[in-house]
Amino acid sequence: MIDPAILLRYRGFIKEFDKNETVFTQGDEPRYYFQIVEGRVKMNNYNEDGKEFIQGLFTDGESFGEPPLFCAVNYPANAVTLQATRILLIHKSDFYTLLESEKASCFSVLEALSARLYYKSIMAPDISSNDSEKRILTLLNYIKTQHKERTKEFHVELTRQQIADMTGLRVETVIRTIKEMEAKHLIRLERGKMFF
């Protein structure tokens, strides 16, 4: 995360989005760096059958959509808010100026990009697996390692549908697999909430 004061100093500005509002659409040309002040955003796309695949979920302090800024390609996915969200935007040219001048900020961006690349590399082999439990466990293990509070057990704040959309599974398969995982004591369910 880049210090918001630094982003504002380089002509960044805060924009408010309503729930389910599109921040950018697949195919759009990248013009801004985006960092969430408060709220949640999902990046997604759809296959030819119309099934949603969630590329990532982002929340307070996290940035999203940077790779196309650096490799001069259009967005490969959509970005949509999951709730009322405030996002700090900075134009691409101002963002480049910031990175040239602010070494610590440059490393923050590299760290965020590296974490996403790591996520893709651990998810890719398991997405092709037919083992639904393995797919879900890989996702949960990754989320747990990224969880800011390193506790023995943490509350998984994903819906069954979001888990399905992030693993390429059907929601029915996720529901059935989660029940099987609970029976094996791999997760704990309490009043509809999942703990891992």
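Author: The answers below take these topics in turn.

Reader: What should I know about the source before we start?

Author: This is a predicted model, in which local features need pLDDT of at least 70 and side-chain atom pairs count only at pLDDT 80 or more, while totals for chains, interfaces and linings use all residues. Residues are numbered from 1 along each chain as its sequence is written, and side-chain values use heavy atoms, with hydrogens and water left out.

Reader: How many disulfides are there?

Author: The count is 0 disulfides, a disulfide being a pair of cysteine sulfur atoms within 2.5 Å. Cys-71 is in none, and the nearest cysteine sulfur, that of Cys-106, is 16 Å away.

Reader: Changing topic, how many salt bridges does the structure hold?

Author: There are 12 salt bridges, each a side-chain nitrogen of Lys or Arg within 4 Å of a carboxyl oxygen of Asp or Glu. One of them joins Arg-116 to Glu-66, with the closest N and O atoms 2.7 Å apart. Arg-116 is in helix α4 (residues 103-127) and Glu-66 in the loop between β6 (63-64) and α2 (67-71), so this pair ties together parts 50 residues apart in sequence. Helices (H or I, at least four residues) and strands (E, at least two) are DSSP runs, numbered from the N terminus.

Reader: Are Arg-116 and Glu-66 buried or exposed?

Author: Glu-66 is buried, at 0% relative accessibility, whereas Arg-116 is partly exposed at 21%.

Reader: Which residue forms a salt bridge with Glu-133?

Author: Lys-184 does, with the closest N and O atoms 2.7 Å apart. Glu-133 belongs to helix α5 (residues 132-146) and Lys-184 to the loop between α7 (171-183) and β10 (188-190), so the contact ties together parts 51 residues apart in sequence.

Reader: What about the largest pocket: how much space lies in it?

Author: About 1500 Å³. A pocket is an open set of points on a 1 Å grid over the protein atoms alone, where a 1.4 Å probe fits, with protein on both sides within 12 Å along at least five of seven lines; lining residues have an atom within 4 Å of a point. Grid points are joined across faces, edges and corners, and the volume is the space filled by probe spheres set on them.

Reader: Which residues lie nearest its centre?

Author: Of the 46 lining residues, Leu-57, Phe-58, Glu-62, Tyr-142 and Gln-146 lie nearest the centre. The largest share of the lining, 10 residues, comes from α4.

Reader: Finally, how does β4 join β5?

Author: The two strands run antiparallel and are joined by 7 bridges, where pairing requires that DSSP finds at least two bridges between strands. Val-41 has Phe-58 in β5 as its bridge partner, and Val-41 also stands opposite Thr-81 in β7. β4 pairs with β7 (residues 78-81) in the antiparallel sense over 4 bridges. 5 of the 7 residues of β4 are buried, so this strand is largely enclosed by the rest of the structure.

Conventions: Buried means under 20% relative accessible area, exposed over 50%, partly exposed in between (1.4 Å probe, protein chains only).
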